[in-house]
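Please keep the sequence and the coordinates at hand while reading.

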Amino acid sequence: MSRKVFVVAAGIGLISFGFAGGYQIAPRANPLVEARGIEAGSESVAQNTEIEISDDGVATVPLPIILPIEAVAMDGIMPTVGDVTHRDALLNFTSSVPLACSVVYGKTDEFGMIATDLDMDGGGHTNHAPLMAGLEPDTVYFYRVQGTAADGSVYVGETSQFISAPAPELPPLREDIAENLAENPAENLAIIGQGMVIASVSSNYGDAENDQNWGVNRAFDGNERTAWSSNGDGDDASLTLNFNDEVAISGIEVWSRTMSDGTAQITSFTLTDDGGTIHGPFSLPDASQTYAFDVNIETAQLRFDVESSSGGNTGLLEFKVLGQRR
Ligand SMILES: [Ca+2]
């Protein structure tokens, strides 16, 4: 006659069982460990997991089994938080088996936010760098890493903390725009909601809205760690900016995105003004930084077209249009 037991406490090297009736046993030869063929001391299961043990002591464990993230830490190196700014932080982790990885985070240990890998290859992979965005400056954040392997196992880290960086000191906003322009003749005209709107975009990855992750707004948010990605548009990716009124453009700055497999990188592009004149093509040597180009364009709309690329989900980390409003 088989019996059902519940795991009432779990941890590395400590698994004890309690019968539904209430008392606990802590078997030396753990049938759970034997059943899974995993060395004792290297695993745990979630509390209140129901497992079934047959007469000959073989345990049947329902998936998913929850294991500590240490079990898949490459060379024993645990996840770290780096590149912490006042608005985001990168979680870096290399796993020894492919995982679909995420990190939950928030201002309390109940989290409330979740970030997934920026790499969008799909499926599991081993180099993880989810971006914890939307942070408040100089604030304690709780986070926990979790990943799912193809065999259904779930790996979970300990809840840890980091502190976001203090807000940078910004120059006071000038009330007198004319005075500001006199002092800073080339301002960025491509700031959403400040005289510029997105008139069109070829597509956003995963059919995201413009203001969602991978949406076109991410190329205009001043954050080099967020990106617009098209939905596989390759050389056909494009976007059009509307400045509402004529502007004099003296320069542009363009930063292509890329993916770990080498796709999604824009190698040249053109600009088209509202009179239909095509400017360029302009070449982008690589995707490691932004590249600046001098132009002389008077227009109320500006269209950006990819001319050549490595194909796939082409897009931009950042796009700035420098010039003057009339
Ligand atoms: Ca961005």
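Leu90 counts as buried because 20 other C-beta atoms lie within 10 Å of its own, where the classes are set as buried at 20 or more such neighbours within 10 Å, exposed at 12 or fewer, and partly exposed in between, with C-beta atoms placed from the backbone. The model is a predicted one, in which local features need pLDDT of at least 70 and side-chain atom pairs count only at pLDDT 80 or more, whereas totals for chains, interfaces and linings use all residues. Residues are numbered from 1 along each chain as its sequence is written.

Leaving aside residues up to four places away in sequence, Leu90 touches Gly82, Asp83, Ala129 and Leu131, a contact being a pair of C-beta atoms, placed from the backbone, within 7 Å. Thr80 is ten residues from Leu90 in sequence, and the two C-alpha atoms are 8.4 Å apart.

**The chain and its cores**

The chain has two helices and 22 strands, and 28% of its 326 residues count as buried. Of the contacts between residues at least 6 apart in sequence, 68% join residues at least 24 apart.

A nonpolar core is here a set of buried Ala, Val, Leu, Ile, Met, Phe, Trp, Tyr and Cys residues joined through C-beta atoms within 7 Å. The largest such core holds 31 residues, of which Ala219, Ile249, Leu316, Phe319 and Val321 touch the most other members. Two or more residues of this core come from each of β18 (238–256), β19 (266–273), β21 (291–309) and β22 (315–325), and β18 gives the most, with seven residues. Val321 is in contact with Asn188, Leu189, Ala190, Leu241, Ile249, Ile252 and Leu302, again without residues up to four places away in sequence. Apart from this core lies another, of 21 residues, which includes Leu67, Ala89, Leu90 and Cys101.

**Strand pairing**

Two strands are taken to pair if DSSP finds at least two bridges between them.

| Strands | Bridges | Residues facing each other |
|---|---|---|
| β8 and β12 | seven | Ser102 and Gln146 |
| β12 and β14 | four | Tyr141 and Phe162 |
| β12 and β13 | three | Gly147 and Tyr155 |
| β18 and β21 | twelve | Gly251 and Asp294 |
| β19 and β21 | seven | Ser268 and Ser308 |

In a regular strand the side chains alternate between the two faces of the sheet. Strand β12 (residues 140–148) has a covered face made of Tyr141, Tyr143, Val145 and Gly147, while its uncovered face carries Val140, Phe142, Arg144, Gln146 and Thr148. The hairpin of β12 and β13 has five residues between the strands, and within this hairpin Gly152 takes a positive phi near 95 degrees.

**Backbone geometry and loops**

Which residues are joined by a cis peptide bond? They are Gly280 and Pro281, with omega about 10 degrees, and Pro281 is found in strand β20.

Asp207 is a residue other than glycine with a positive phi, near 55 degrees, and its place is the loop between β16 (197–201) and β17 (228–229). Asp207 counts as exposed, because 10 C-beta neighbours are inside 10 Å. Ala264 is likewise not a glycine and has a positive phi of about 75 degrees; this residue sits in the loop between β18 and β19. Ala264 counts as buried, because 27 C-beta neighbours are inside 10 Å.

Gln289 is found in the loop between β20 (278–283) and β21. With 13 other C-beta atoms within 10 Å, Gln289 is therefore partly exposed. Although Gln289 and Val254 are 35 residues apart in sequence, their C-alpha atoms are 8.5 Å apart in space.

Note on methods. Two residues are in contact if their C-beta atoms, placed from the backbone, lie within 7 Å.
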